[in-house]
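The exercises that follow are meant to be worked with the sequence and the coordinates open side by side. Try each task before reading its solution.

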Amino acid sequence: MADKSTFTPEEWTLLLESVMMAGIAVTAAEPSGLWGMMKEGIASSSALLQAKTDASANPLLKALVADFETSEGRTAARDGLQAKLKGAKPEDMKARCIETLKQARTLVETKAPGDVAAFSAWLHQISQKVAEAAKEGGFLGFGGVAVSDAEKATLSEISAALKVA
């Protein structure tokens, strides 16, 4: 099973970025306003917490979560995100996020093929939780849909990028 030592520092940063990009892609597809963005951010964080506390979670996922608990890991992820997303409009952000997910999946498939299914499924799970976190299209919490058409389309793109059914 793979861990941080399996990857170069640049590769590890790509994996850290991909964890964040899984949620950002969905948020960029249909921005939900302040409360929606907060709910979506909490959904992404809860997926990290779940991987940390799940005794049966893949060791690579646990290593990624453990690195997010360090200031170095958070800084690497944040700096990488800023570099890739700086100045991007929401539609460009979504495309850049999905490209990062493709790159991360390919990297894990190459360096840790035994972990690629769990890694890809986890990233997809994060994006699904973010999509379901806040209603879209309502007014003051009334009406709207759980997952908008734009979010559904983005989830399909993420599934394709991660090769998840």
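**Exercise 1: the buried residues of H5**

Task: list the buried residues of H5, and state which helices they pack against.

Solution. The buried residues of H5 are Lys94, Cys97, Ile98, Thr100, Leu101, Ala104, Arg105, Leu107 and Val108, where buried means under 20% relative accessible area, exposed over 50% and partly exposed in between, with a 1.4 Å probe and protein chains only. These residues pack against H1, H3, H4, H6 and H7, and contact here means heavy atoms within 4.5 Å. Helices (H or I, at least four residues) and strands (E, at least two) are DSSP runs, numbered from the N terminus. As a check on the geometry, the 22 residues of H5 should span 32 Å at 1.5 Å a residue, and the end C-alpha atoms of H5 are 31 Å apart, which agrees; the expected span is 1.5 Å times one less than the number of residues.

The model is predicted, so local features need pLDDT of at least 70 and side-chain atom pairs count only at pLDDT 80 or more, while totals for chains, interfaces and linings use all residues. Residues are numbered from 1 along each chain as its sequence is written, and side-chain values use heavy atoms, with hydrogens and water left out.

**Exercise 2: the overall fold**

Task: state how many helices and strands the protein has, and what percentage of its residues count as buried.

Solution. The protein has 7 helices and 0 strands, and along the sequence its pattern reads α-α-α-α-α-α-α. Of its 165 residues, 44% count as buried. Among the contacts with a separation of 6 or more, 75% come from residues 24 or more positions apart.

**Exercise 3: Lys84 and its contacts**

Task: classify Lys84 by its relative accessibility, and name the residues it is in contact with beyond its sequence neighbours.

Solution. Lys84 is found in H4 and, at 28% relative accessibility, counts as partly exposed. Leaving aside neighbours within four places in sequence, Lys84 is in contact with Leu14, Glu17, Met21, Arg96, Thr100 and Gln103. For the pair Lys84 and Glu17, the separation is 67 residues in sequence and 9.5 Å in space, C-alpha to C-alpha.

**Exercise 4: the packing of H3 and H6**

Task: find the angle at which H3 and H6 pack, and describe the residues that make the contact.

Solution. H3 (residues 59-68) and H6 (residues 116-133) pack at about 50°, with their axes 9 Å apart; the axes are lines fitted to C-alpha atoms, for helices over the stretch in contact, and angles run from 0 to 180 degrees between N-to-C directions. That makes H3 oblique to H6, since angles under 35 degrees count as roughly parallel, over 145 as roughly antiparallel, 65 to 115 as roughly perpendicular and the rest as oblique. H3 contributes Leu60, Leu61, Leu64 and Val65 to the contact, and H6 contributes Ala118, Phe119 and Trp122. These residues divide into 7 nonpolar, no polar and no charged, where Ala, Val, Leu, Ile, Met, Phe, Trp, Tyr, Cys and Pro count as nonpolar, Asp, Glu, Lys and Arg as charged, and the others, Gly among them, as polar.

**Exercise 5: Lys163**

Solution. Most residues other than glycine have a negative phi. Lys163 is exposed, with a relative accessible area of 59%.
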